Amino acid sequence: MEKTKILAIAPYRGMYELILLLGKRRNTIELTVYEADLNEGVNIVKHLNKKNFDVIISRGQTAELLSKNTTIPVIEISFSVYDILRGLKLAEGYGKSVAIVGFSGITSCAAILCDLLRYKSEIITVTSKEHALTTLERLQQKKCQIILCDTIVYNLSRSLGLNAILITSGTESIENAFDQALKVSRSYTHIKQQLRIFTQALSSSPETAIILDSNNNTLYSSMDDTDENTAVFKYISRMLTTFWGSATFTAEQNINNKMYLFSSRQETVQNQKYLFIFIASSPMPQYMNSGAIEINEGGSDIPDFYNAYFNSANSLGGLKHTISQYAQNAPQPILILGEPGTGKSKAASILYQESRFHGFPIYTILCGKVSSQYWKTFTTSPDSPLLKDNCTIFFNNIDALGKPQVESLIEFIEYSNLLKRNYLLFSLNSTNNTETNSFFSYLTSHISCLTLRLPPLRERLADIPSLCSLYINEVNMQTGKQITGFETDAIKILEEYDWPNNLTQFKRIVRELVITCNTPYITADNTENMLSKEPKKYNQSLLTDGLDLSGKLSEITYQIVLRVLTDENNNQTKAAERLGISRSTLWRILKKNL
């Protein structure tokens, strides 16, 4: 017959010795004993998690704390009448100034006993270690001669120089705990056998596996608790809400220069929900090293600012409704059109989150950072997102791709069933020439992309007051400012401005005004002064008119950078922000072409 594996956590040495002695008399148990208290006991249990103990026994607050931090059944060694009576007899030599101090496990039993025996000891129930300390300090001022208590109060009493008698657990209390432990263990033997078979099957899997209960307690883990895996555990903790939010979910993440694939699914056993997480790692794909691709987490939230903008009824009944309707038609591809700064990436995020592909990764291709060499690696790599199934691929600013890359992508779409296997999203900076662009025609006519047009902010001026309120609140939370809003005249100034860089520019301007404001309301003077330094009008032909497109990509890029710098009065910070690049990248482009 298989022995019951019992872990005992004894809060003091005498109990440790007594448990060992009594345990040797029982040939049906396999006993492991540690001397520890409170958090030290919790750490021991976590460290021994893989030892597959059937039951834990401990005493008092240590037992209560353990029950909150493990899924293994915890049996409390209760205080018997004999335990308290022995303590009272020991305290008789100290006269009448005796106080019984402890948690309810001791004091409730002591109250009954003192009432029966007509003892007039002061009985005080404490609820925490801090409460116990203040109680002892008060008793010390009252010149209390002796404290009758449990382990926690005993140690505190000794630290204050008070005389204390520890209420120890006798043979009958520990024997009773052993009996309860065996009874509890036998009651779920069948479940334990099933779990053991299941964990053995998981342990032979090449993937790492973790099983959590509905309280996110770890029931099983084949992942070692090493420094290398700390970042993986942190990522899982951050993603738990997302994992629990879908029956199945898949996420891919770059952690410590390795690519990790996380697959989760929920199972229900006897009306209890469990979360299974499977983890596989692989070397970092070469295409991930250029910064031209991002893997986004499915659980990332869309800021209230953008939700409010897309939800507004001031434009065509609300963009959010249109976006939601489009998302229901996935994998029908979507082309998102809009001027720079209109929130095309955020619209793509909502399309993804509301589609049936939400439970799988989304890959964002930053087309402006794609070189010809990178594109070749990206399209031919055996683990390229283009060769995966059931994922979302977002080509951000597809108009930034060179002609050879566009032709290569069209060929790939035509011959690889990419549209049937995945959800494709494209964004394109709209200009006067957009609809004559050959790739635009291919997307809308040949593969029937649904077109989502995001209007510029100058066509949504009625939304400015509400957007101001939302973004001021967001900046207040981030910076600790307490700005109430804009003066009425300041709002009028914002509504009269053309906003050439749309929401991106709007957020930057409002943020700067909030941070520099020293009054409850942002004034019209400050607003006008801030906007006087900004470009006055949106120039649709800025990035195309007068450019020589016959040169290399680097030469065309240099022309665009010079054009934007001129428009921004040679302010490199503003030019870099407008181009969506860092100042160091801008500086390198300029230096390379000097």
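Me: Why is Leu116 called exposed?

Reply: In this predicted model, Leu116 has 64% relative accessibility, and exposed means over 50% relative accessible area, with buried under 20% and partly exposed in between (1.4 Å probe, protein chains only), so Leu116 counts as exposed.

Me: Where is the place of Leu116?

Reply: Leu116 lies in helix H5, residues 104-117, where a helix is a DSSP run of H or I with at least four residues and a strand a run of E with at least two, both numbered from the N terminus.

Me: What makes Ile112, Leu116 and Leu117 a nonpolar patch?

Reply: Patch members have over 30% relative accessible area and no salt bridge, and nonpolar side chains (Val, Leu, Ile, Met, Phe, Trp, Tyr) are joined within 5 Å, a salt bridge being a side-chain nitrogen of Lys or Arg within 4 Å of a carboxyl oxygen of Asp or Glu. Ile112, Leu116 and Leu117 form such a patch on the surface, with about 320 Å² of accessible area together, areas being computed by the Shrake-Rupley method with a 1.4 Å probe.

Me: How do you know that strand S9 and strand S10 pair?

Reply: Pairing requires that DSSP finds at least two bridges between two strands; S9 (residues 208-213) and S10 (residues 218-221) have 3 bridges, in the antiparallel sense. Ile211 has Tyr220 in S10 as its bridge partner, and in the hairpin, with 4 residues between the strands, Asn216 takes a positive phi near 65°.

Me: Which limits apply to these values?

Reply: Local features need pLDDT of at least 70 and side-chain atom pairs pLDDT 80 or more, whereas totals for chains, interfaces and linings use all residues. Residues are numbered from 1 along each chain as its sequence is written, and side-chain values use heavy atoms, with hydrogens and water left out.

Conventions
Patch = residues over 30% accessible without salt bridge, like charges linked within 9 Å, V, L, I, M, F, W, Y side chains within 5 Å.
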